[in-house]
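I opened this notebook to record what I looked up in the structure below. The entries follow in the order in which I made them.

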Amino acid sequence: MLDWIVTHGPGSYGLFYCHDDEDTRERKFSGRHPPMDYDNVFRVHRLLHGVLTEMDDPFFGLVQGNIDPVHPYDRADED
């Protein structure tokens, strides 16, 4: 979808935040080969001057343990 916007909307710009829990090095799709596992983080896709760039997200951080709270059964007991 974003590649289509780059091609058909040369003056377009914006940010697209994405969390994909299946975005791992082992999963190869659409010619994308991530250098590490991104299954627990948000990724930012920036469209600027007709160029689409994928970047680290500086705001949300980790999904599990930061945005999505750890379930009480999964955390260590605190005294």
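**Surface patch**

I noted a nonpolar surface patch of about 440 Å², made by L15, Y17, F59 and F60. Such patches are made of residues with over 30% relative accessible area and no salt bridge, with nonpolar side chains joined within 5 Å; a salt bridge is a side-chain nitrogen of Lys or Arg within 4 Å of a carboxyl oxygen of Asp or Glu. Accessible areas come from the Shrake-Rupley method with a 1.4 Å probe.

**Basis of the entries**

The model is predicted, so I kept in mind that local features need pLDDT of at least 70, side-chain atom pairs count only at pLDDT 80 or more, and totals for chains, interfaces and linings use all residues. Residues are numbered from 1 along each chain as its sequence is written, and side-chain values use heavy atoms, without hydrogens and water.

**Y17**

I placed Y17 in strand 1 (residues 14-18); strands are DSSP runs of E, at least two residues, numbered from the N terminus. Y17 is partly exposed because its relative accessibility is 31% (buried means under 20%, exposed over 50%, partly exposed in between).

**R43**

I found R43 in strand 2 (residues 43-48). R43 counts as buried because its relative accessible area is 7%. Beyond its neighbours within four places in sequence, R43 is in contact (heavy atoms within 4.5 Å) with residues including Y17, Y38 and D56.

**H49**

I located H49 in the loop between strand 2 and strand 3 (51-56). H49 is exposed, because its relative accessible area is 71%. Phi of H49 is near 55°, a positive value in a residue other than glycine. Most residues other than glycine have a negative phi.

Conventions:
Helix = DSSP H or I, 4+ residues; strand = E, 2+ residues; numbered from the N terminus. Buried < 20%, exposed > 50% of the residue type's maximum accessible area, 1.4 Å probe, protein only. Patch = residues over 30% accessible without salt bridge, like charges linked within 9 Å, V, L, I, M, F, W, Y side chains within 5 Å.
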